Amino acid sequence: MPELPEVEGVVRALAPVAKGRTIQEVTVSDTVIHSKQLGKEAIIKGITTEDFRTEMVGMTIMEVTRRSKYIYFHLQKEGNACLLVSHLGMTGAWFNVNTIDDIPELKFRKHIHVLFKMEDGGLLVYSDIRRFGEVRLLGCEADHPPLLKMAPEPFEADACRHFLEMAALAKYARKPIKEVIMDGHVISGCGNIYATEALFNMSIHPGRTAGQISEKGKKELFHAIVAVLQESIDAGGSSISDYRNINGEAGTMQERLRMYGRKVCAVCGATTESMKIAGRTSVYCPTCQK
Ligand SMILES: [Zn+2]
């Protein structure tokens, strides 16, 4: 699943090529149309496919930014501003191409669900193999309240204070620390990969409860998360499963991961173990992480 660094990679590639372009035509896949008819809300959320197409035609992309694991397309039509919010789910990918054949891999070409034909003839394509991703057209962020409840961006000055205040709440005290740091209300954009890495780097067992870790320990953990997120952004993200940036490229962070997906601890050579935390497999070293 793409986490903050992977989404940042998509946004950095997408922003310069999407900016200033206007959508001329919108195509939605039969799969999405059929699912919407059954009331399942596949990919396009909170609006009918007909309304989505009508609304999106004529929209100019003013800017593309990232907020946590979301991509924000800042749009404008006839002087009115609105926001298309995209989440990549497990396997979502955006491509900026001239023709469908330019999309690098067949599996992405086969699962195109939203296609914007731009006024300049180019295509902006959303492909999603497993269809857990979403696009949501909003007037502004406040139209979808969960977006306002997200923790500050981890690189913002306020994020550490917010993290410490939230992680100290009674409701988190008995929860495994890994579950707490993967909670987007506590810190934005930290999923399974980077939570696993940060805990390993700090020698903290993922099952330890938040209440068992001192404020100083939590502060160090916060900075370890920020460091691993930044390292991954610099490496273009991790290419786990089907993450690609808009040029079909994958990052190299997976080669630098020290615990996620590892069978053997790179530090002590012990066989790694795993446990389920908040429904996700958590890999850790039984020797190094206490
Ligand atoms: Zn170890």
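Analyst: E179 and K175 form a salt bridge, with their closest N and O atoms 3.9 Å apart. A salt bridge here is a side-chain nitrogen of Lys or Arg within 4 Å of a carboxyl oxygen of Asp or Glu. The model is predicted, so local features need pLDDT of at least 70 and side-chain atom pairs count only at pLDDT 80 or more, while totals for chains, interfaces and linings use all residues. Residues are numbered from 1 along each chain as its sequence is written, and side-chain values use heavy atoms, with hydrogens and water left out.

E179 is partly exposed at 25% relative accessibility, and K175 is partly exposed as well, at 32%. The classes are set by relative accessible area: buried is under 20%, exposed is over 50%, and partly exposed is in between (1.4 Å probe, protein chains only).

K178 lies in helix α7, residues 177–181. Helices (H or I, at least four residues) and strands (E, at least two) are DSSP runs, numbered from the N terminus. K178 is buried but has no salt bridge, and the nearest side chain of opposite charge, E3, is 8.4 Å away. For charge, Lys and Arg count as positive and Asp and Glu as negative, while His and the chain ends are not counted.

K178 does have polar partners. Its side chain makes a polar contact of 2.5 Å with the side chain of N192 and another, of 2.7 Å, with that of S282. A polar contact is a pair of N or O atoms within 3.5 Å; within protein, one must be able to donate a hydrogen and the other to accept it, and residues adjacent in sequence count only if both atoms are side-chain atoms. Beyond its neighbours within four places in sequence, K178 is in contact (heavy atoms within 4.5 Å) with N192, A195, T196, L199, P206, I277, T281 and S282.

The total for salt bridges is 13. One of them joins the side chains of D120 and R21, at 2.7 Å from N to O. This pair links distant parts of the chain, 99 residues apart: D120 is in the loop between β7 (112–118) and β8, and R21 is in the loop between α1 and β1 (23–28). D120 is exposed at 52% relative accessible area, whereas R21 is buried at 14%.

Another salt bridge, of 2.9 Å from N to O, is formed by the side chains of E153 and R67.

At 1.5 Å a residue, the 15 residues of α1 (residues 4–18) should span 21 Å, and the end C-alpha atoms are 20 Å apart, which agrees. The expected span is 1.5 Å times one less than the number of residues. Twelve of the 15 residues are buried, so α1 is largely enclosed by the rest of the structure.

A18, in helix α1, is buried at 0% relative accessibility. Leaving aside neighbours within four places in sequence, A18 is in contact with I61 and V64. The C-alpha atoms of A18 and M62 are 8.2 Å apart, although 44 residues separate the two along the chain. After α1 comes G20, with a positive phi near 85 degrees.

As for the whole protein, its secondary structure comes to nine helices and eleven strands. Its radius of gyration is 20 Å, close to the 19 Å that the globule rule gives for 290 residues, so the protein is as compact as a globular protein of that length. The radius is taken over C-alpha atoms, and the rule is 2.2 Å times the number of residues to the power 0.38. Of the 290 residues, 53% count as buried.
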